[in-house]
Amino acid sequence: MLASKTLGSLSAASDPSWDVSKAQWLATGRNSFFLDKSGQGIYFKPDGTKMYFADTSFQSIREYNLSTPWDITTLSEVQQKSVSAQESQPFGLFFKPDGTKMYVLGAAGDDVNEYTLSTAWNVSTATYVQAFSIAAQELNPASLSFKPDGTKMYVLGASGNAVNEYTLSTAWDVSTSSYVQAFSVAAQDTNLKSLFFKPDGTKMYVLGWSGRDVNEYSLSTAWDVSTATYVQVFSVLAQTGNFPFAVHFKADGTVMYALGNKYLFQYPLSTAWDVSTATYTVAATKYFNVAPQDTSPFDVFFKPDGTKMYVLGGVGRDVNEYDLSTAWDISTASYVQVFSVSAQEVSVNGLFFKPDGTKMYVIGSNGDDVNEYTLSTAWDISTATYVQVFSIGAQETVPTGLFFKTDGTKMYVIGSTGDDVNEYNLSTAWNVSTASYVQVFSVAAQDTAPTGLFFKPDGTKMYVIGQAVDSVHEYNLSTAWDVSTASYVQVFSIAAQETAPQGLFFRDDGLRMYVIGSNSDAIWEYDLV
């Protein structure tokens, strides 16, 4: 968190406010990891020092090291192994306990692919051996598991909504598999995604998209799915949003892991293997996942006192409102409500509010215009009503962001057609119908895909975020609010956190910066220290 200090005690040379070179993303204490990859399956080495991820985008198995066993915040990628020659949709993943065999469940081939690793746990040494078709039982396989001695195999399927059990006459040799039976979980969940067994075979866990939760079952006869009975459920919706893909447990059952859309989350269990005792905490987190509300966020805006946050969503074409129980701390955000702007704009890109919360503005690239709304109750988007529109198509046909001078007499539009910032005067403050074009400033030398814009409250600094280099660019304005006087200062990369940045926002003291992105579907918080 920010150190306690007053700007008056800082010299000009040491003052970090509004200086993007001082930005730091501090991740201490978080319980999730951003993979920056799309995938369906995860697997941990039994000692927790390695994790493997089935990357569906690149048809590969990715290998990670954990510097602290079982702590996903210490993950670092090592290497990957392509499985594209065998499977274009690797969904499930499992390893023999000694690391000398790897099994990949394919949704394209409807089969289990077996590999031998000449060096245990090193995926680069994997060689393909053979495949076993499970198409007779399941045409939409999602997850895979084995009994620790290799004599049983289990396949979870979304078509039959069941766990299919197989016996292997030769341990770990999938060609010797024979179908035994199936256990339906349709009463608890459909559109199944992931399967996990307790190492002694007396517990089974199924993750599905119907409930976005982990369902726990007890098996009265170990490893015999016909003896399974439903016990209880644990929701992961708040963390993974609508797209949970995989579940896994620490070897002793005291931690559960859930894979969401490019995020991996960890949950401590106060009672081992009992999902009802799972908890997820975000103390000291420096990002906030907005995927439960929208999986293509385009901009973020804060109330001046930091107690409210607004996110512009591209999927819903709407504005999502959140309350922050601790001002400016995004980890304390809770969803409140939504307001649709789809009647005015179906390709939303930028969001802005009048400082008193009685006006809201949305810019979009379908109409190439700025839409103005009035809020009868300040900062309550449910009271918003559409007022009017101002076209900026003559200057920019792909507008990506907008900003207003603090008194509402100037408006700025950034776009990726011209890669520039367009300045307008408003003869009546905050009334977009009175806007007139003034001039333009090119940012193409720094970024050819600008997506967002922000100004220091006194108009002497301008910030542009863009996707060409996934960075925030800082400019000085020798004449406040006059973009023709802007000169480039420096750049700060946010690529380690977000590779599709869409918008940015600064706290009014310039000591905190927020970036929203559509790759992570999250808001990232940075301290300028």
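Modeller: Two residues are in contact when heavy atoms of theirs come within 4.5 Å. Keep in mind that this is a predicted model.

Colleague: Happy to. Leaving aside neighbours within four places in sequence, what is Met462 in contact with?

Modeller: Beyond those neighbours, Met462 touches Val421, Phe441, Leu453, Phe454, Phe455, His473, Glu474, Tyr475, Leu477, Val483 and Ala486.

Colleague: What makes Val362 count as buried?

Modeller: The cut-off for buried is under 20% relative accessible area. Val362 has 0% relative accessibility, so Val362 counts as buried. Val362 is part of strand E28 (residues 359–364). Apart from neighbours within four places, the contacts of Val362 include Leu312, Val319, Val341, Asp369 and Tyr373.

Colleague: On to the rings. How many aromatic pairs are there?

Modeller: The count is 65 aromatic pairs. One of them joins Phe352 and Phe403, with 5.0 Å centre to centre and 70 degrees between the planes.

Colleague: Buried or exposed: what are Phe352 and Phe403?

Modeller: Phe352 has 7% relative accessibility and counts as buried. Phe403 has 8% and counts as buried too.

Colleague: And what kind of pair do the rings of Phe454 and Phe506 make?

Modeller: A tilted one, because the planes are at 45 degrees, with the ring centres 5.4 Å apart. Phe454 sits in strand E35 (residues 450–455) and Phe506 in strand E39 (residues 501–506), so the pair ties together parts 52 residues apart in sequence. Phe454 and Phe506 are buried.

Colleague: How do you know that the charged end of Lys193 is over the ring of Trp209?

Modeller: Part of the test is that NZ of Lys lies within 6 Å of the ring centre. The charged end of Lys193 is 4.1 Å from the centre of the Trp209 ring and sits over that ring.

Colleague: Let's turn to charge pairs. Why are Asp47 and Lys45 said to meet in a salt bridge?

Modeller: The nitrogen must come within 4 Å of a carboxyl oxygen. Asp47 and Lys45 have an N to O distance of 3.8 Å, so the pair qualifies. Side chains of opposite charge can pair when their charged atoms come close.

Colleague: Buried, exposed or partly exposed: what are Asp47 and Lys45?

Modeller: Asp47 has a relative accessible area of 37% and is partly exposed. Lys45, with 19%, is buried; the cut-off is under 20%.

Colleague: How many salt bridges does the structure hold?

Modeller: It holds 22. Among them, Asp305 bridges to Lys303 at 3.8 Å, and Asp458 bridges to Lys456 at 3.9 Å. Asp305 is partly exposed at 37%, and Asp458 is partly exposed at 38%. Asp55, Arg62 and Glu77 are linked in a network of salt bridges.

Colleague: Last one. What makes strand E40 largely enclosed by the rest of the structure?

Modeller: 6 of the 6 residues of E40 (residues 512–517) are buried, which means that the strand is largely enclosed. Arg512, Tyr514 and Ile516 are buried on one side, and Met513, Val515 and Gly517 are buried on the other.

Colleague: Which strands pair with E40, E39 and E41 included, and in what sense do they run?

Modeller: E39 and E40 run antiparallel, joined by 5 bridges, with Pro501 opposite Gly517. E40 and E41 are antiparallel over 6 bridges, and there Met513 stands opposite Tyr526. The hairpin of E39 and E40 has 5 residues between the strands, including Gly510 with a positive phi of about 75 degrees.

Key:
Residues are numbered from 1 along each chain as its sequence is written. This is a predicted model: local features need pLDDT of at least 70, side-chain atom pairs count only at pLDDT 80 or more; totals for chains, interfaces and linings use all residues. Side-chain values use heavy atoms; hydrogens and water are left out. Helices (H or I, at least four residues) and strands (E, at least two) are DSSP runs, numbered from the N terminus. Buried means under 20% relative accessible area, exposed over 50%, partly exposed in between (1.4 Å probe, protein chains only). Rings of Phe, Tyr and Trp (its six-membered ring) pair if their centres lie within 6.5 Å; planes under 30 degrees apart count as stacked, over 60 as edge-to-face and the rest as tilted. A charge sits over a ring if NZ of Lys or CZ of Arg is within 6 Å of the ring centre and within 35 degrees of the ring normal. A salt bridge is a side-chain nitrogen of Lys or Arg within 4 Å of a carboxyl oxygen of Asp or Glu. Two strands pair if DSSP finds at least two bridges between them.
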